[in-house]
Amino acid sequence: MSDSELPDDGTTPPGEQAPAGDQSEPVFESEQEEFEPVQVFPESEDMDLRSGADKCTKVGSCDAECPVAEVDDDFPGPQFQGPEQWRLTNDAEDDDFDDSVMQCSNCMRCDNACPSGVPFSQMHNTARARHVSDQRLSVKKIRNRLLANYRSSAWLASKVPRLANAAMNFGPARWIGEKVLGVSKEREFPAFATETFREWWAARGGHATSVDNAVAARERRGEAADADKQVAYFHGCYANYNTPEVARAMVRVYEELGYEIVVPEQGCSGTPMFANGFLDDAERHAEKNVANVGAAIEEGYDVIASCSSCSMALRQEYPEQFDIDGIADLSAHTYDALEYLRIHEDIEELLADASVEALPDVAYHAPCHSRNQGLARQSLELFEDLDGIDVTDVGDSCSGISGTYGWKEEKYDTSMKIGEEMFEHMEGAPAEHGMTECPTCSMQMEHGTGYEITHPLEVIEAALVDG
Amino acid sequence: MAIEQDVLVIGGGIAGLTAAISAAREGASVRLVSYKETTLRHASGLIDLLGYTPDGEGPLEDPYDALETLPADHPYRLLGEARVREGMATFDEITGDRYRGEHTDANALVPTFGGTVKPTARYPAGAAAGLASDPRSTLFVGIERVPDFEPSIAADRLAAVGVPFDTSAATVEFPIPLRDDAKKTRFAHLLDANETVDGAGEGVRRALAETVKPHLGDAERVGFPAILGQDHPAEVRDDLASALGADVFEVPMGPPNLPGLRLESLLYDALEAAGGRFEVGSPVVSYSADGEVIEQVAIDRSGQEIPMTAEQYVLATGGLESDGIGATREQVTEPLFDCHVPQPADRYDWFEDDVFGDHAFARFGVDVAADLRPQTADGDPEFGNLRAAGGVVGNYDYAAQKCGSGVSIATGHGAGQRAAEDATQ
């Protein structure tokens, strides 16, 4: 562009620098010999994820691994959703994101598929939150917020569990649920326990009883009565309100092995809120969890979760999304319930000496959120030598429900299509029962096959406590 | 307490998988840990042994004849021909009839999606009908919405390099409409299931054959981009072939590549069948040693360091492109155990100005002895119980010599077998 073409109002067109000095003289020529490439951009210190986009080499591993892209032609897949959208954002705060990000089920499989370390789930969670905060209030948004804040409705329902169970699975009510709120009428609401885990725990005598049980167990096992074996239990919402038998199994197994347990006050882990783009809600709960569970960590407790999505949230999503004092400590001290036993006890040996003749054989589905933590095969390995139960792996397919995803009327078909492969493999397995660590996978497994689904902790309970 | 096994293999590529399978077959308890899903899915699925000499001579007709021409520190020379053959025999045994080429020492010439011809020692059964040495006339078929295969380019370039057959090309619509740029796995899964085509009342395999038929002409074989099924490729090929009345083969593609994905499941299944354990999703981040014996390593599982211990360790973390070898402006390192990596002191000597020159960086890696233990600059073992295999090993240029899979298999098998022997003694 010659000088005469420059606007005469004194401004410079975008992308052009005002000419400085004589342009005919190449500025760098004399310095070319000494040219030393240096890092031009400083390491980013804020939460700007655009730099993560630069790691993408476009191999498409993420798209090939994505269960939603596999069945839904309208979904552009994680490569677009993550690095490509972020690359196009000019301003990390203000740009809007394509609404297809709401079709992502937050299974997080793209994280592990990527050979280059693109922070996919962090990008999705952040993009979703920005998209949702820009959305106007709608029935769908209210529905999503209701689903995401499952803990609040569960809390209410647990006050009147029988009434809630009857009302929510009452045909006309489900029809209205779908028509008005967009909650699929195909799904049966999970039953609320008549006694929540926390009620059971309190009635049983709380921490004091746990110490007594642990000390007695240590004596039986020939360990020091004051052995340093103490864990804080993050039960999450589902094991508290819907499947307290899983939480009770955790308590009995750990106490049997000499651990004293505390059950700190806790909120939701945040998983359903991440998936629906309500990061503010998730942060509120995270603050509560970091404060209460963190206090136990300071007392020397490690944190145990029995739900794979809860442990995933505390370990990975918390430090990725929030800057809360103590959040790194919580992440670094949280363990999956089975994983912790594998590290601290010779659990495989104990199980090899035990027997669970009363239990049926099971078809096992590894939840995506276990898979992402490298835990997809631990339940298979643990029960390899346990007498009386055969565990058949149903492969690496996704169950398709992904928490609240499969509850939405418009996502129900996608969810069931994703789950098809798992259902087929379950039915092909030599078992009429199922097993998994994740409560919503468990729902989907039951919904698709009619099988009863158990948690690995219940199997260990049968082997080591009841046996 | 740590999670215990006899042999711990670090890395889930072809070298790590071969090491783990060989160790498990020796009767050792084995665990393989892989940071991410294996990069085998980005690989061609072809098993190269040696295609070119370090001087660029080739394509080589017989890779074994050329082993002698390699430098003395090349992994093949360290192992010796018998060990290299043993590795390949193990691979043949694992893959059975799903891989071909074991009937001869000679390299096969496989057409690539870019229309070049690649010398390779073993190829998937799906590529068998497509060999460039075969004189039968060939139609290359592209699929709309699979943008990484342009059949006319492949056909023209193959004709230009003088293959002994006529080539033709056609691009057809896939009978089931998918979005633009749909992943190759989607096509594969529809063909696996032989999904019914709307309105036609027939399966997608036959429908695809029908769309290709008008372009067939005199062609005696038809090459498709490698999308012909993930779980049942032989069935898909057979159905297409019988509907077309011509042989059918697949051209290996860029990532994600179905032949690579199939090889991945084949090797993981073999590891499971041999009793080996594995976990994907967590990197090994640190170790502790007592003198020259590694006692324990730790994996980082979303924030926690989880201890793992073994008698013997196999390092199979890959080369520069896989972060098994790391580099800063000052230094090239092996980041996990800090094994010695030979390198020119001045980093301007790490590369040549000629793009396709004989770059030193292409040979960066740990310096192994004949027993595959990485050695210090003085030639002593770095650790008594550590061996290395695959891309992390130095002194060979897999890209120029076309020897990547062969070195991975030979060193993987050697390292796994020796580790198991030492661990169970």
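A residue is taken as buried if 20 or more other C-beta atoms lie within 10 Å of its own, as exposed if 12 or fewer do, and as partly exposed in between, with C-beta atoms placed from the backbone. Helices (H or I, at least four residues) and strands (E, at least two) are DSSP runs, numbered from the N terminus. The model is predicted, so that local features need pLDDT of at least 70 and side-chain atom pairs count only at pLDDT 80 or more, whereas totals for chains, interfaces and linings use all residues. Residues are numbered from 1 along each chain as its sequence is written, and chains are lettered from A and ligands numbered from 1 in the order in which they are written.

In chain A, helix α24 (residues 439-449) is largely enclosed by the rest of the structure, because ten of its eleven residues are buried. Among these buried residues are P439(A), C441(A), M443(A), M445(A) and H447(A). The buried residues of α24(A) pack against the helices α13 (236-241) and α23 and against the strands β7 (433-435) and β8 (452-454) of chain A, where two residues count as in contact if their C-beta atoms, placed from the backbone, lie within 7 Å. After α24(A) comes G450(A), which has a positive phi, near 80°.

Helix α23 of chain A spans residues 412-428 and contains E421(A). Because 20 other C-beta atoms lie within 10 Å, E421(A) is buried. A C-alpha separation of 9.1 Å is found between E421(A) and G395(A), which are 26 residues apart along the chain.

Between the two chains, 27 residues of chain A are in contact with 26 residues of chain B. On the side of chain A that touches chain B, at least two residues each are supplied by α2 (61-65), α3 (67-71), α5 (109-113), α17 (308-321), α18 (327-332) and α19 (337-344), and the largest share, four residues, comes from α2(A). By class, this side of chain A has nine nonpolar, nine polar and nine charged residues, where Ala, Val, Leu, Ile, Met, Phe, Trp, Tyr, Cys and Pro count as nonpolar, Asp, Glu, Lys and Arg as charged, and the others, Gly among them, as polar.

Chain B is assigned a domain 1 (3-99 + 261-424) and a domain 2 (113-251), the bounds coming from an automatic or database domain assignment. The C-alpha centres of these two domains of chain B lie 34 Å apart. Their contact takes 19 residues from domain 1 and ten residues from domain 2 of chain B. Helices α4 (81-95) and α9 (258-273) of chain B each supply at least two residues of the side of domain 1 that touches domain 2, and that side has ten nonpolar, four polar and five charged residues.
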